[in-house]
Amino acid sequence: MLYYDSTYILVLIGVIICSIASARVNRMFNRYSKVYSNQGMTGREAAERILHANGIYDVSVQHVSGKLTDHYDPRNKILRLSDSTYSSTSVAAIGVAAHECGHAVQHQRAYLPLKIRGALVPVVNFGSTISWPMIIIGMFLNGRSAMFLINLGILLFSSALLFQIVTLPVEFNASKRAVKILQSTQILREEEMKGVKKVLKAAALTYVASAVSTILQFLRLLLITANRRDGD
């Protein structure tokens, strides 16, 4: 039952949802990567202007390799922009850079969901590493010790679900801030903002898809545990 059962359909559904969301964000980003901003400002220049416009001068903007590997590091106060964003003057690049700046603004203003997500990181890292081994070991045991390990594994896995749920308002808020900031600073024209909104919306859907996938995995764990109890 552990290695093959009907609940695998939930995992498959999650994979399909995430694949569709990932394909959409890549399609939108590639589309608007070919639309260059009127001002010719690069992602790095836009990020620095946005940060300074919000009174943030202690966050450095650095380059990181890869595509869409952009992220804000709150511990070191570093905003890292990928190959496809750092030197690009496209509407898509500026939109992504503005989104990451949104996280920096959240950090500066002590945005509560961001603080909660940051506090969950070590718990999630530990839980995601140890949860499944504990569940698998529990499946091969009998009695109270088996159910204790399984239930503890599920509890640890639930931290990943909580992390995904908390991530949603963090990402949505960062995108909302990005749009407002780009409009207020007039880095992009109104017609260019349409492309930014489409890229950011597609990116937001990837976080929704990830959350749904984690919920489905959690549901599968509950079903497996319920079947195990019935079997005992």
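**Helix α5**

I looked up the buried positions of α5 first. Pro-113, Leu-114, Arg-117, Leu-120, Val-124, Gly-127, Ser-131, Met-134, Ile-135, Gly-138 and Met-139 are buried there. Buried means under 20% relative accessible area, exposed over 50%, and partly exposed in between, with a 1.4 Å probe and protein chains only.

This is a predicted model, where local features need pLDDT of at least 70, side-chain atom pairs count only at pLDDT 80 or more, and totals for chains, interfaces and linings use all residues. Numbering starts from 1 along each chain as its sequence is written, and side-chain values use heavy atoms, with hydrogens and water left out.

I then checked the length of α5. The helix covers residues 112–139, 28 residues in total. Its first and last C-alpha atoms are 38 Å apart, close to the 40 Å expected at 1.5 Å a residue. The expected span is 1.5 Å times one less than the number of residues. Helices (H or I, at least four residues) and strands (E, at least two) are DSSP runs, numbered from the N terminus.

Where is the kink in α5? I found it at Val-121, shortly before the proline Pro-122, at about 40°. The bend is the angle between axes fitted to the seven residues ending at a residue and the seven starting there. Val-121 counts as partly exposed because its relative accessibility is 34%.

**Helix α6**

Next I took α6, residues 143–185. Its 43 residues should span 63 Å at 1.5 Å a residue, and the end C-alpha atoms are 64 Å apart, so the two values agree. Gln-186 follows α6, and its phi is positive, near 60°.

**Positive phi in the strand loops**

I went on to the loops between strands. Most residues other than glycine have a negative phi. Leu-68 has a positive one, near 55°. Leu-68 sits in the loop between β1 (60–63) and β2 (71–73). With a relative accessible area of 31%, Leu-68 is partly exposed.

Lys-77 is not a glycine either, yet its phi is positive, about 55°. I placed Lys-77 in the loop between β2 and β3 (78–81). Lys-77 counts as partly exposed, at 31% relative accessibility.

**Met-28**

Is Met-28 buried or exposed? Met-28 is buried, at a relative accessible area of 7%. Its place is in helix α1 (residues 8–32). Leaving out residues up to four places away in sequence, Met-28 touches Lys-198, Val-199 and Ala-202. Contact means heavy atoms within 4.5 Å. Val-196 is 168 residues from Met-28 along the chain, but their C-alpha atoms are separated by 9.4 Å.

**Whole chain**

I closed with the totals. The protein chain has 7 helices and 3 strands. From the N terminus on, I read the order as α-α-β-β-β-α-α-α-α-α. The C-alpha trace spans about 70 × 35 × 25 Å along its principal axes. Of the 232 residues, 48% count as buried. Among contacts with a separation of 6 or more, 73% come from residues 24 or more positions apart.

I noted 25 positive and 14 negative side chains, with the centres of the two sets 4 Å apart. Lys and Arg count as positive and Asp and Glu as negative, while His and the chain ends are not counted. The place of a charge is NZ of Lys, CZ of Arg, CG of Asp or CD of Glu.
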